[in-house]
Amino acid sequence: QVDVVESGGGLVQAGDSLTLSCAASGNILVAMGWFRQAPGKEREFVAAILWHGGDTYYRDSVKGRFAISRDNAKNTMYLQMNSLKPDDTAVYYCAVCQRPMNLRSTKYDYWGQGTQVTVSS
């Protein structure tokens, strides 16, 4: 069992920056990822990072604006979000993947409760 807790959400204006954090208990075997879900929409992949190799993956709409990173010693993952847009408004979820799989899928093993990010225009 891995417990996952997100933090860092808030209300910002378009163009602002925000950093999300995700603290996980237990061993991370494969990867951690960020997903988001806007009202009335399905949960969608945002970014993922291989825990032991550090390779990163992004959805196209956030490439160049968001940066995912991790601190293995702290078992913590981060999402630096720059140039935020109103379309980025959503609940952001952190997830843990413990087996090889398509990291853009929502079939992660453990999920946090989510943190709200609201971007005003």
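Me: Over how many bridges do strand β4 and β5 pair in the antiparallel sense?
Reply: This is a predicted model, where local features need pLDDT of at least 70, side-chain atom pairs count only at pLDDT 80 or more, and totals for chains, interfaces and linings use all residues. Residues are numbered from 1 along each chain as its sequence is written, and side-chain values use heavy atoms, with hydrogens and water left out. Strands are DSSP runs of E, at least two residues, numbered from the N terminus, and two strands pair if DSSP finds at least two bridges between them. β4 covers residues 31–37, and its antiparallel pairing with β5 runs over six bridges.

Me: Which residue takes a positive phi in the hairpin of β5 and β6?
Reply: The hairpin of β4 and β5 has six residues between the strands, and there G40 has a positive phi near 80°. The hairpin of β5 and β6 has five residues between the strands. Its positive phi, near 85°, belongs to G54.

Me: How many of the seven residues of strand β5 are buried?
Reply: Buried means under 20% relative accessible area, exposed over 50%, partly exposed in between (1.4 Å probe, protein chains only). Strand β5 spans residues 44–50 and is mostly covered. The buried count is five.

Me: What is the handedness of the disulfide of C22 and C94?
Reply: A disulfide is a pair of cysteine sulfur atoms within 2.5 Å. The sulfur atoms of C22 and C94 are 1.9 Å apart. The torsion about their S-S bond is about -70°, so the disulfide is left-handed.

Me: How many residues apart in sequence are the parts that C22 and C94 tie together?
Reply: C22 is buried at 0% relative accessible area, and C94 is buried at 0% too. C22 lies in strand β3 (residues 18–24) and C94 in strand β9 (residues 90–97). The pair therefore ties together parts whose separation in sequence is 72 residues.

Me: How far from C97 is the nearest cysteine sulfur?
Reply: C97 is in no disulfide. C97 counts as buried, at 0% relative accessibility. The nearest cysteine sulfur is that of C94, at 12 Å.

Conventions:
Helices (H or I, at least four residues) and strands (E, at least two) are DSSP runs, numbered from the N terminus.
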